[in-house]
Amino acid sequence: MQKITTFIGYDNQAEEAVNLYTSIFKNSKIISTSYYGEAGPAPAGTFMSAIFELEGQTFYALNGGPMFTFSYGISLFVNCTTQDEIDNYWEKLSAGGEKGQCGWLKDKFGVSWQIAPRVVFDMISDKDVEKSKRVMQAMFTMHKLEIQTLKDAYDGV
């Protein structure tokens, strides 16, 4: 097991979320699940938690009650290499949720995700300040990130 594992607490949607996430990412699996016993706090037999993997990264999901809420302060970042990857994750993860700006979205459970091409980091950290600035300005106009548009901005097209 990895040293640090992302723990995601849900009100009561953990099982649905785990099933959705493992259906979206190709290299994923549910490692284990557990259910509440007689001690509660949910009724005995109710789904409690799961350990699952997405692209080799381990996560822990828990149905912990209504005190578990999400914010943009923590997000799951998906590094993409192609526009098809971006389009796929963007559409599937934002279904029933909220599409934000600059590649950010909230899924239908309220979990924040960033769907971005790897190349964008090279472009925005370029030592040529004008190139970096053009990419940032282009990115601020987008919801789902478009690789070609970002490259065009970088190249001054």
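**Fold and salt bridges**

Modeller: Along the sequence, the protein runs β-α-β-β-β-β-α-β-β-β-α-α-α. Keep in mind that this is a predicted model.

Biologist: How many helices and strands are there in the protein?

Modeller: The order of elements is β-α-β-β-β-β-α-β-β-β-α-α-α. Counted by type, that gives five helices and eight strands.

Biologist: What share of the contacts with a separation of 6 or more comes from residues 24 or more positions apart?

Modeller: A contact here needs heavy atoms within 4.5 Å. Among contacts in the protein with a separation of 6 or more, the share from residues 24 or more positions apart is 58%.

Biologist: How many salt bridges does a search of the whole structure find?

Modeller: The cut-off is a side-chain nitrogen of Lys or Arg within 4 Å of a carboxyl oxygen of Asp or Glu. With the whole structure searched, the number found is four.

Biologist: How many residues apart in sequence are the parts that E16 and K108 tie together?

Modeller: The side chains of E16 and K108 meet in a salt bridge, N to O at 2.9 Å. E16 sits in helix α1 (residues 14–24), while K108 sits in the loop between β7 (104–106) and β8 (112–117), so the parts tied together are 92 residues apart.

Biologist: Is E16 buried or partly exposed?

Modeller: Buried would require under 20% relative accessible area, and exposed over 50%. E16 has 42% relative accessibility, so this residue counts as partly exposed.

Biologist: Which helix holds D87, the partner of K144?

Modeller: K144 and D87 form a salt bridge through their side chains, 3.0 Å from N to O. The pair links distant parts of the chain, 57 residues apart. K144 lies in the loop between α4 (129–140) and α5 (147–155), and D87 lies in helix α2.

Biologist: How does K144 count, buried or partly exposed?

Modeller: The limit for buried is under 20% relative accessible area. K144 has a relative accessible area of 22%, so K144 is partly exposed.

Biologist: What is the distance between the closest N and O atoms of K99 and E91?

Modeller: K99 is partly exposed at 44% relative accessible area. E91 is also partly exposed, at 40%. They form a salt bridge, and the closest N and O atoms are separated by 3.5 Å.

Methods. Residues numbered from 1 in each chain as written. Predicted model: local features only at pLDDT ≥ 70, side-chain atom pairs only at ≥ 80, totals over all residues. Heavy atoms only, no water. Helix = DSSP H or I, 4+ residues; strand = E, 2+ residues; numbered from the N terminus. Buried < 20%, exposed > 50% of the residue type's maximum accessible area, 1.4 Å probe, protein only.
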